[in-house]
Amino acid sequence: MAAPKNYRGRGELALLCALLGTLWEIGRGQIHYSVPEESDKGSFVGNVFKDLGLESEELAKHGVRIVSRGRTQLFALNRRNGSLVTAGRIDREELCAQSARCLVNINILVEERGKLFGIEIEVTDINDNNPKFQVENLEVKINEIAAPGTRYPLPEAVDPDVGLNSLQSYQLSPNDHFSLDVQTGDDGTIYPELVLERALDREEEATHHLVLIASDSGAPRRSSTVHIQVTVLDTNDNAPVFAQPIYRVTVPENVPPGTRLLTVRASDPDEGANGEVAYKFWKISEKQSPLFQLNENTGEISTAKSLDYEECTFYEMEIQAEDVGALLGRTKVLIFVEDVNDNRPEVIITSLFSPVLENTLPGTVIAFLNVHDRDSRKNGQVVCYISDNLPFQLEKSIDNYYRLVTWKYLDREKISMYNITVMASDLGNPPLSTETYITLSVADTNDNPPTFPRSSYSTYIPENNARGASIFSVTAHDPDSGKNAQVTYSLTEDIVVGAPLSSYVSINSDTGVLYALCSFDYEQIRDLQLLVTARDSGDPPLSSNVSLSLFVLDQNDNTPEILYPAVPTDGSSGVELAPRSADPGYLVTKVVAVDRDSGQNAWLSYRLLKASEPGLFSVGLHTGEVRTARALLDRDALRQSLVVAVQDHGQPPLSATVTLTVALADSIPDVLADLSNIRNLANSEDSDLTLYLVVAVAAVSCVFLAFVVVLLALRLWRWHTSRLLPASGDRLVGLPASSFVGVDGVQAFLQTYSHEVSLTADSGKSHLIFPQPNYADTLISQESSRKAVRKTEPLCISDDSRFPIEDTPLVPVSSFFLIYFLLQLVLSPGICT
């Protein structure tokens with residue numbers, strides 16, 4: 001039971017310490033200065049920065065400035081030395097009227113520290129105003145039967161200064177009938193009275209001229225005068241008398257102009273004209289005079305203008321009743337203005353710190369507000385509040401200031417801007433309220449990493465793609481703003497099949513689009529596992545990762561590869577054996593093929609493309625098995641040639657072929673015997689073919705030689721004739737030169753009809769080649785002959801259907817090169833001449 005009491009005592013002690021600390025801080029923050037009125041603009045008032053413990057160069061850094069309510073700023077801060085100076089001329093009388101002390105309260109706001117310091121400045125009075133009478137000339141009527149000692153009040157002078165600078169004395173010009181007596185009222189004011197010292201005689205002197213001087217005691221001494229004319233009247237022995245010495249009335253401030261306030265009444269027991277009374281204001285200030293009007297016949301006082309409690313709460317005036325005999329009566333009227341709740345509270349945003357960072361700590365000052373209501377008492381008591389669903393709260397500061405502070409962390413991603421409505425309501429009846437709107441922007445901090453919509457991605461790309469092709473696009477969202485939301489993308493480096501990942505794919509750092517840097521091959525790489533990093537540009541930067549699986553799709557880019565039967569490397573052809581006694585469906589051999597592609601692109605089908613004996617063999621569509629389709633007959637050739645095509649199911653389909661040689665025999669010795677017979681028959685056929693070719697070449701050579709001999713004989717005959725008949729050359733002019741074939745023609749003929757015959761011994765293939773003219777005299781080897789055959793596309797006579805190709809050497813023969821050489825010598829120009 002003792003523990004709770006101890007805790008309660010500790011809590012009360014802590015609360016007391018906090019209260020005392022707050023009071024000490026408020027008291028410590030109050031600074032007092034004084035400045036005389038009418039000082040020049042920029043006059044020094046006090047060193048605020050020294051008293052607040054700040055340096056002058058911190059003026060802009062700390063955001064120090066003056067905040068005060070009012071339309072006119074009386075003081076300013078000197079930004080060079082941090083001193084408080086006057087912002088213009090200050091008139092103490094306009095500011096504080098005739099108050100004993102004129103105090104001006106301002107507040108210094110240190111924005112960076114979020115503190116307000118109160119400063120109290122007393123404006124001291126100087127003697128800058130003369131005592132002033134309301135009128136410059138005054139007429140006083142006195143009955144000639146007035147007894148000596150009778151007193152007559154004189155107008156008072158008004159001096160707005162205070163102290164010794166205010167009105168201190170009155171003086172009357174010297175004369176024989178009057179003296180001056182100065183009276184002091186309860187409030188300390190003095191007012192003059194004219195005292196009749198000697199009886200007047202209107203017949204001797206009807207008027208008397210006096211001068212009343214009002215003076216203060218300031219330095220320098222100031223004064224003013226009023227000229228008094230005393231008019232001596234005939235006898236009127238009863239003065240008007242008011243029913244009350246003092247009239248009091250209370251009126252609400254919202255009465256309209258023209259409202260009757262009260263009626264003063266004075267009675268005069270005289271009869272006739274001497275009993276008629278006229279009313280007029282005797283003593284009323286310049287500010288009050290336009291507000292009220294007095295009916296001089298009835299004594300009714302009414303408002304001439306609207307009253308305002310906030311400007312003046314109390315009016316005092318004197319009413320004078322005068323009869324025709326110049327007898328006077330006076331009374332005092334006190335008008336009390338009652339406050340009406342006619343002013344709404346005013347809320348002024350003194351300072352606003354916007355934007356505010358979203359990571360601002362709770363309790364941070366956002367704004368300073370000044371709340372004021374010109375009404376009084378409950379009508380001027382203001383309650384200020386904001387909505388409860390905001391992360392802000394209002395705290396009472398010094399005077400009528402409130403602080404708007406945060407009470408929890410802000411989140412820009414949820415709410416980036418607050419429209420705060422500050423409501424101020426007074427306690428009047430009915431209450432009046434006002435609303436002030438504060439727009440507060442929340443500045444972003446980098447507190448959110450980029451996020452991807454999904455935890456992982458997968459995409460596909462066909463193999464053999466173009467380099468630089470777009471593969472996929474990833475996008476990360478960062479709820480922050482500005483640079484904090486600028487996302488860049490990158491790939492985590494890795495090694496794939498011995499090469500860095502950056503050699504396969506790249507990513508656009510701004511858009512997140514992935515590009516292929518190479519052409520993928522499904523048979524080498526089937527998938528890539530990528531790790532994409534999204535990083536913002538904040539400080540410090542935040543990032544997140546997402547995995548991306550890139551799958552390579554197979555394309556039909558590989559032809560089927562035949563594994564069996566394998567193509568021999570020695571140029572021979574493999575032979576499969578099928579017994580002549582085989583039944584239909586006999587398995588002769590099996591074509592085995594594979595496709596490096598996958599899926600449908602690797603599904604293979606087999607078909608028989610060509611056969612020397614159609615209908616003898618069949619091939620399994622899916623197995624590639626070569627089987628007999630019927631029983632073998634004796635008339636079936638020993639050697640059967642089959643061309644089997646293997647095709648995949650890709651789009652477009654690719655295929656490969658293989659040639660099978662099947663020997664029909666019951667045993668291997670039978671096969672060998674048949675092959676030897678075929679070889680001998682082939683040799684004999686080769687010999688006959690060679691013989692025919694030699695005979696043909698010889699015949700062509702003989703014809704060509706005969707042509708050359710005839711041409712030579714004609715040439716010699718022409719030369720001989722020209723020698724025998726030298727003088728008869730003119731007879732040969734008509735002979736056309738084109739009748740003979742010249743050397744150029746022979747050369748063209750020889751080049752056109754030069755040829756090469758390549759003969760093969762013991763070969764199943766012979767070549768008859770007609771090369772280009774520049775190669776007419778070239779001996780061709782076996783390999784160059786094959787290349788020449790392919791390049792010049794010669795006419796090839798081949799027979800592969802019965803015999804295999806053998807690697808036998810070619811025997812090249814050149815035609816008539818020797819004859820051509822001899823013709824060049826015979827037909828040269830030197831011989832002809």
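Tutor: Before the strands, a definition: two strands pair if DSSP finds at least two bridges between them. Strands here are DSSP runs of E, at least two residues long, numbered from the N terminus. Keep in mind that this is a predicted model.

Student: OK. Which residue in E49 stands opposite Ser-618?
Tutor: Arg-627 in E49 does. The strands concerned are E48, residues 617-619, and E49, and their pairing is antiparallel over three bridges.

Student: How many residues lie between E48 and E49?
Tutor: Five, and the two strands form a hairpin. In the turn, Gly-624 has a positive phi of about 75 degrees.

Student: What about E45 and E49, parallel or antiparallel?
Tutor: Antiparallel, with three bridges joining E45 (residues 587-590) to E49 (residues 625-628). Thr-589 stands opposite Val-626 in E49.

Student: What holds paired strands together in general?
Tutor: Backbone hydrogen bonds, whether the strands are parallel or antiparallel.

Student: Where does Phe-472 sit relative to E40?
Tutor: Opposite Leu-514 in E40. E35 and E40, the latter covering residues 513-516, pair in the antiparallel sense over three bridges.

Student: Cysteines now. How many disulfides does a search of the whole structure find?
Tutor: One. The disulfide joins Cys-96 to Cys-102, with 1.9 Å from S to S.

Student: What hand does the link of Cys-96 and Cys-102 have?
Tutor: The link is right-handed, with 60 degrees about the S-S bond.

Student: Is Cys-96 buried or exposed, and why?
Tutor: Cys-96 counts as buried because its relative accessible area is 14%, and the cut-off for buried is under 20%. Cys-102 is also buried, with a relative accessible area of 1%.

Student: And Cys-702, buried or exposed?
Tutor: Exposed, because Cys-702 has a relative accessible area of 53% and exposed means over 50%.

Student: Which class does Cys-312 fall in?
Tutor: Cys-312 is partly exposed, with a relative accessible area of 22%. That class covers values between the two cut-offs.

Definitions and conventions. Residues numbered from 1 in each chain as written. Predicted model: local features only at pLDDT ≥ 70, side-chain atom pairs only at ≥ 80, totals over all residues. Heavy atoms only, no water. Helix = DSSP H or I, 4+ residues; strand = E, 2+ residues; numbered from the N terminus. Disulfide = S-S within 2.5 Å. Buried < 20%, exposed > 50% of the residue type's maximum accessible area, 1.4 Å probe, protein only.
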